[in-house]
Protein chains: 2
Amino acid sequence: MYTETAMLGLDVPLRASERAYRQLRGEILGGLLAPGAALLEVEQAERIGVSRTPLREAVARLITDGLVVGRRGRGFEVTDISVDSISELYELRQALEVQAIRLAATRRDPAPFMKLRDAFVSAPELLEQGDIGVHRYYVLIDELEDAVDVAVENPFLVGALRAVRTHLARIRRLARRNPLRLRAAAAEHLLIIDAIIAGDPSLAAHATHIHLHQSLLSVLAAIEEDSVGSRSTTAAD
Amino acid sequence: MYTETAMLGLDVPLRASERAYRQLRGEILGGLLAPGAALLEVEQAERIGVSRTPLREAVARLITDGLVVGRRGRGFEVTDISVDSISELYELRQALEVQAIRLAATRRDPAPFMKLRDAFVSAPELLEQGDIGVHRYYVLIDELEDAVDVAVENPFLVGALRAVRTHLARIRRLARRNPLRLRAAAAEHLLIIDAIIAGDPSLAAHATHIHLHQSLLSVLAAIEEDSVGSRSTTAAD
DNA sequence: ATTGCGGTTTCTGTATACACAAGAGCGATC
DNA sequence: GATCGCTCTTGTGTATACAGAAACCGCAAT
C-alpha cells in the first residue's frame with residue numbers, strides 16, 4: 001500500500017495531519033483497526049504522536065472517505081462492511097469501471113497496454129509461484145488500473161474510481177485468494193486489454209461487465225463460506 | 001454554545017464548522033465567490049464569525065468536494081470551471097445516472113413516480129408562467145432526483161451522484177435558461193419516468209443517456225454563445 | 001533598468017487551554 | 001431492593017497562542 005519510497009527525495013517533513021491520515025487509513029485498510037473499533041481523539045492523537053487538531057483533520061478526511069463514521073454521542077468508529085454494502089459498492093464500481101474502460105478504449109495510447117498484455121499473458125505461470133507470484137499479480141492489476149486512469153483523462157471519473165478502490169481494498173482482505181479464480185480473472189483482464197488495444201469500446205465494456213460480475217460472485221461466495229465457518233480460499237480479482 | 005430550542009429541530013445546535021461550511025459552499029455555488037477567488041483563513045474566519053479552527057475544517061471539506069483547491073504557498077482558491085471539465089463531469093454523470101435510473105426502474109415503488117408523472121405532464125404549462133414557473137420546474141427536478149435516490153437504495157451510488165450534482169449547480173449558473181430547451185427536457189424526463197413506472201430498465205437507461213447527451217450539448221452551446229459575447233438563453237435541464 | 005538579496009510581514013500548521021455536553025458511578029430515598 | 005438524581009469524569013467543539021515558512025517590498029549592485 002504505502003511503500004516508503006526513500007528512493008524519491010520526497011522525504012520532506014510531512015504535515016502532521018497528513019501523517020495521521022495515512023497511518024489511520026493504512027491501519028483501517030490493513031485490518032489493524034477492525035470495523036466497529038472506537039476512535040477517541042485524545043487516545044489516537046497520543047498514540048500517533050500528534051496533537052488533537054491535526055488528528056481531527058485526519059478523521060474528518062476518513063469520514064468523507066467513508067472509512068469512519070461519527071457515532072451518536074461519543075467518538076467515532078471504523079465503518080463496518082456488510083454483505084449488502086459489498087453488492088452496493090459493486091453496483092457503483094460497475095458503472096464507473098465500465099465507463100472508464102469504454103473511454104480508455106476510445107482514447108488510449110496502445111503502447112502501455114501492449115506491455116501489460118505481455119505481462120498478463122504470462123500471468124498463469126506467475127500464479128504457479130505461490131505467494132510471491134500472487135503478490136506480483138496484484139501489482140500487475142495496479143499497473144493496469146493506473147494505465148486505464150491515464151488513458152481515461154478524466155479527473156472526476158478517476159477520483160470516483162479511487163474512492164471505490166479504497167473500499168475494495170478492505171473487501172479483498174475478507175475474501176482469501178483462490179488460485180482458480182485468479183487464473184480466470186487473469187483471462188478476463190486479458191480480454192479487456194485486448195479490447196482496449198483493438199479500440200473496441202463496446203467489447204471492452206462488456207468484458208468489464210462480465211469480469212465484475214464474476215468478481216462479485218467470487219467475493220460473495222468467499223464471505224458465505226467464511227460465515228459458515230470453513231476456511232475460504234476465494235479471491236476477488 | 002446556546003441550545004436554541006426552536007420549534008423546528010433543524011436549527012438547534014449547529015456547529016460553527018458546519019455553519020462555515022454551509023455558508024462558504026452556498027456562496028461558491030451561488031457565484032458570490034467566483035472561481036479563482038482567494039480564501040484566506042483569517043479573513044474568512046472573521047467575516048463568517050468563527051475562529052480559524054472550524055473554518056479550516058470547513059475548507060478541508062470544500063477541498064474534498066472539489067470546490068476549492070489549495071494553492072502553492074499561500075491560501076486557497078475557488079476551483080474554476082473549464083469547458084473541458086464540464087464534458088468530463090458529464091462523462092461521470094452519465095455513468096452514474098444511467099446506473100441509478102436502471103436500478104430505480106428495477107426496484108422502484110411506482111407510487112411516487114406516478115405523482116411525479118402527473119407533475120411533469122403539466123410542466124409545459126408551468127413553463128409558460130415565467131420565472132416563478134421555471135423555479136417550480138427546478139423544484140420538480142429536485143423531487144425527481146430525490147425519488148430516484150430513494151428507489152436506488154444504494155448509499156455509495158447516491159453519494160457519488162450528490163457530489164456530481166454539487167458541480168452541476170455551478171455549471172447551471174453559467175448556462176442561462178432557455179424555454180425551448182426546458183420544454184424538451186421536460187419531455188425527456190417524462191419518458192424516463194414512464195420507463196421507471198413500466199419497470200423497463202433498458203428503456204429508462206437509454207432515455208437517460210439521450211437526455212444527458214442533449215443536456216450537455218445545450219450547456220456547451222450556451223457557454224459558446226456566452227464566450228462569443230451575445231447574451232445566452234440556454235439551460236441544462 | 002534589471003536582478004539579486006535580505007528584512008519584514010503575513011499566513012499557515014500545530015499545540016494547548018477552556019467551555020459545554022453527555023455518561024457513568026454512587027448515593028439517597030421510596 | 002430498586003429507582004431516581006446528582007456529581008464527577010471524560011470527551012468533543014472552539015478559541016487562541018506560538019513557531020516556522022513563504023511571499024512581498026525595498027535597496028543596492030551590476
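**Ground rules.** I am working from a predicted model, where local features need pLDDT of at least 70, side-chain atom pairs count only at pLDDT 80 or more, and totals for chains, interfaces and linings use all residues. Residues are numbered from 1 along each chain as its sequence is written, chains are lettered from A and ligands numbered from 1 in the order in which they are written, and side-chain values use heavy atoms, with hydrogens and water left out.

**Chain A against chain B.** I looked up the contact first (heavy atoms within 4.5 Å). It takes 21 residues from chain A and 21 residues from chain B. About 1800 Å² is buried between the two chains, with 59% of it on carbon and sulfur atoms; buried area here is the accessible area (1.4 Å probe) that two parts lose on being put together, summed over both. On the chain A side, Glu91(A), Leu92(A) and Phe156(A) lose the most area to chain B, together 33% of what that side buries.

Next I checked for charges. I found four salt bridges across this interface, each a side-chain nitrogen of Lys or Arg within 4 Å of a carboxyl oxygen of Asp or Glu. In one salt bridge, Arg107(A) meets Glu91(B) at 2.2 Å, N to O. Which helix gives the most to the side of chain A that touches chain B? I found that H4(A) does, with eleven residues.

**Inside chain A.** I noted domain 1 (16–78) and domain 2 (83–228) in chain A, with bounds from an automatic or database domain assignment. Their centres, taken over C-alpha atoms, are 29 Å apart. Ten residues of domain 1 of chain A and five residues of domain 2 of chain A make the contact. The two domains of chain A bury about 600 Å² between them, and carbon and sulfur atoms give 52% of that.

**A sheet in chain B.** I ended with an open, antiparallel sheet of three strands in the order E1-E3-E2 (chain B). Strands are DSSP runs of E, at least two residues, and helices are runs of H or I, at least four, numbered from the N terminus; two strands pair if DSSP finds at least two bridges between them. E1 (38–39) and E2 (68–70) of chain B are the edge strands, each pairing on one side only. E2(B) pairs with E3 (residues 76–78) of chain B over three bridges, and Gly70(B) stands opposite Phe76(B) there.
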